[in-house]
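Here is a short briefing on one protein model.

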Amino acid sequence: MEIEIRRADTHDIEGMSVVVDSAWRENYRHFFTEEKISAYTGDRRRKSFAKLLNDGRDIFVLLNNGVITAVSACAECEESPFEDYAEIIQLYVLPECQRKGFGKELLSHTLEKLREKGFKGSVLSTAEKNENARRFYEKFGFAEHSSKEYDGVVYITYMIDF
């Protein structure tokens with residue numbers, strides 16, 4: 001097994017989209033409708049990654065034997081009270097590669113890069129019903145900060161200080 005983590009570029013859009021679309025279909029199928037999942041996957045996902053890259057967002061890919069297996073995307077958080085924090089917009093691992101340490105490797109790398117940029121900490125949100133992700137973030141040291149409802153789903157915001 002050969003692991004590489006690097007910044008993403010436009011050549012990675014399709015591979016990143018496969019990771020996120022697969023994760024959405026597997027991880028969210030119990031609490032999102034197929035219609036909702038379809039609305040956020042496919043071409044919409046590819047356009048989203050193209051825009052994030054074009055806007056200069058930090059996107060990292062973890063490759064396992066040359067195949068994109070996990071992706072993270074982050075940006076400066078613009079919401080109060082998180083000034084000087086980075087927001088992890090996305091952190092996904094291919095479903096068949098989950099629970100093998102890839103998410104931990106990529107999240108560690110992402111947080112280290114954010115520390116190097118001078119952020120005070122990081123925030124991220126996940127669906128309240130996404131219990132596996134919540135346990136993962138909590139084990140990693142993220143603490144629950146707040147919750148909000150969006151489009152009929154309750155999201156929990158987590159934060160970690162550096």
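Leaving aside neighbours within four places in sequence, Asp58 is in contact with Arg7, Ser72, Ala73, Cys74 and Lys117; contact means heavy atoms within 4.5 Å. This is a predicted model: local features need pLDDT of at least 70, side-chain atom pairs count only at pLDDT 80 or more, and totals for chains, interfaces and linings use all residues. Residues are numbered from 1 along each chain as its sequence is written, and side-chain values use heavy atoms, with hydrogens and water left out.

**Asp58**
- Asp58 is found in strand 2 (residues 58-64). Strands (E, at least two residues) and helices (H or I, at least four) are DSSP runs, numbered from the N terminus.
- Asp58 has a relative accessible area of 8%, so it is buried. Buried means under 20% relative accessible area, exposed over 50%, and partly exposed in between (1.4 Å probe, protein chains only).
- The side chains of Asp58 and Lys117 are joined by a polar contact of 2.8 Å. Such a contact is a pair of N or O atoms within 3.5 Å; within protein, one must be able to donate a hydrogen and the other to accept it, and residues adjacent in sequence count only if both atoms are side-chain atoms.

**Nonpolar cores**
- The largest nonpolar core holds 47 residues, of which Met16, Ile59, Val71, Ile88 and Phe142 touch the most other members. A nonpolar core is a set of buried Ala, Val, Leu, Ile, Met, Phe, Trp, Tyr and Cys residues joined through side-chain atoms within 4.5 Å.
- Helix 1 (residues 13-27) supplies the largest share of this core, six residues.
- Another core, of five residues, lies apart from it; Cys77, Tyr85, Val123 and Met159 are among its members.

**Helix 1 and helix 3**
- Helix 1 and helix 3 (residues 43-54) pack at about 125°, with axes 9 Å apart. Axes are lines fitted to C-alpha atoms, for helices over the stretch in contact, and angles run from 0 to 180 degrees between N-to-C directions.
- Helix 1 is therefore oblique to helix 3. Angles under 35 degrees count as roughly parallel, over 145 as roughly antiparallel, 65 to 115 as roughly perpendicular and the rest as oblique.
- Residues making the contact include Met16, Val20 and Trp24 of helix 1 and Phe49, Ala50 and Leu53 of helix 3.

**His145**
- His145 sits in strand 6 (residues 143-150).
- His145 counts as partly exposed because its relative accessibility is 38%.
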